[in-house]
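The sequence and structure are shown first.

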Amino acid sequence: MRLEQLTRSHEWWDYKTPQVLSLAYATVLMANASMFEMLKPGFLTVFLSLVAMALYASIINDFTDLEIDLACGKSNMMQHLKPVFRLLLMLASLVVVMIAAAFIYPNICGVIFYLLITLSISLYSFHPVRLKKRGIWGVISCASAEHLFPTLFSIAVIAFYAHFKLNVWWLIAAGTLSLMYGIRGILWHQFLDRENDIQSGTKTFAATTTPQLFNNYIYLIMAIELIALATVLVMMNLIYPILFLGLYLFYLLLQKLLFNTKVIVIISPKNEDFQILMQDYYILFLPISLLLFAAVTQPLGWVALAIHLLLFHQRLIVIMQDGLHITRRLFYKIKN
């Protein structure tokens, strides 16, 4: 079995990790540290630790969802293993996480945030708590495990190696932004999978409500996220992320005007092209803007940019293809 299958990297690599890293990049710049020098051990520690956590999350998710997945006809990597090997695999993944935590020490804040990721994932998955089936608590625990605590962990690691005193307001702003974005992400997934969850009896938040009733809360979540984003941008005090925000919004506007792409906050329409508001900014435009600033202002800063683009290039390729389609459509409209 490949590491990609064990960690389910296709579910989070390009869509969650860059958002977490972007706030770590911002922390490097706020600390006036070298992006290149933070590659090792700072970002290497973040990267390896989060891969270990993804391994644990994927294994316990399959371990605890086995019966439900089989009932729905869904593939589960545990189904081909004997019960004793399932248990051993789960325990081995937990050992890997504990080893990662030991390497993070003596960074106390980093260890605490890292263990909080583990706790959130465990409470979300394991009986008798199993927050996955407990409505809004499942949404919060999942968003905390996938966005909030990984962001705070990555900031704590970078601050430790950059000898930068952690700013409580920076942690609050970055954490709130990540939590709200994470909540939108898990709710999008839950409403997309709502019918399957109802059929299997899984009481997720989306399965216990309707899109119509939930509409009243969508814009409150988005408003809190935008306030947090504005705070983050002000605290960074850099022009590049703001310019790239304008570029992203212009791209979104052209997609809407030229291709009638629907921009959604959480709930996606059926049989329509759509984009989740701010997703591409967090996972592409924001991290690239910060790394581009480092590339322009720091010796060897371009190395960090090159490594990031090498690791997270899939969405960039899609955006470049979209840009080509936009250019062709605009040329066609001008010509005719």
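## Confidence and conventions

Within the chain, helix α12 has the highest confidence, at a mean of 97, whereas helix α1 (residues 3–7) has the lowest, at 58. The score is pLDDT, the predictor's confidence in each residue, from 0 to 100. Its average over the chain is 89, and 92% of the residues score at least 70. Where pLDDT is low, the predicted coordinates should not be read in detail.

The model is predicted: local features need pLDDT of at least 70 and side-chain atom pairs count only at pLDDT 80 or more, while totals for chains, interfaces and linings use all residues. Residues are numbered from 1 along each chain as its sequence is written, and side-chain values use heavy atoms, with hydrogens and water left out. Helices are DSSP runs (H or I, at least four residues), numbered from the N terminus.

## Packing of α11 and α12

Helix α11 (residues 239–259) packs with helix α12 (residues 279–297) at an angle of about 145 degrees, the axes being 9 Å apart. Axes here are lines fitted to C-alpha atoms over the stretch in contact, and angles run from 0 to 180 degrees between N-to-C directions. The residues that make the contact (heavy atoms within 4.5 Å) include Tyr240, Phe244, Leu245 and Tyr248 of α11, and Tyr281, Phe285, Leu292 and Phe293 of α12. By class, the contact residues comprise 15 nonpolar, 2 polar and 1 charged. In this classification Ala, Val, Leu, Ile, Met, Phe, Trp, Tyr, Cys and Pro are nonpolar, Asp, Glu, Lys and Arg are charged, and the others, Gly among them, are polar.

## Core and buried residues

The largest nonpolar core has 96 residues, and those touching the most other members are Met35, Phe43, Tyr114, Leu187, Tyr248, Met278 and Tyr281. Such a core is a set of buried Ala, Val, Leu, Ile, Met, Phe, Trp, Tyr and Cys residues joined through side-chain atoms within 4.5 Å. Buried means under 20% relative accessible area, exposed over 50%, and partly exposed in between (1.4 Å probe, protein chains only). Not counting residues up to four places away in sequence, Met278 touches Arg184, Met222, Glu225, Leu229, Leu245 and Tyr248.

Ala145 is placed in helix α7 (residues 136–161) and counts as buried because its relative accessibility is 11%. With residues up to four places away in sequence left out, Ala145 touches Ile117, Ser120, Ile121 and Pro150.

Ile326, in helix α14 (residues 314–335), is buried at 5% relative accessibility. Beyond its neighbours within four places in sequence, Ile326 is in contact with Tyr251, Leu254, Gln255, Leu258 and Phe259.

## Backbone geometry

| Feature | Residue(s) | Value |
|---|---|---|
| Cis peptide bond | Tyr105 and Pro106 | omega about 15 degrees |
| Cis peptide bond | His127 and Pro128 | omega about 5 degrees |
| Positive phi | Asn32 | phi about 55 degrees |
| Positive phi | Arg130 | phi about 35 degrees |

Pro106 lies in the loop between α5 (83–104) and α6 (108–125). The loop between α6 and α7 holds Pro128 and Arg130. Asn32 belongs to the loop between α3 (17–30) and α4 (39–71). Asn32 is exposed, with a relative accessible area of 73%, whereas Arg130 is buried at 3% relative accessibility.

Key. Helix = DSSP H or I, 4+ residues; strand = E, 2+ residues; numbered from the N terminus.
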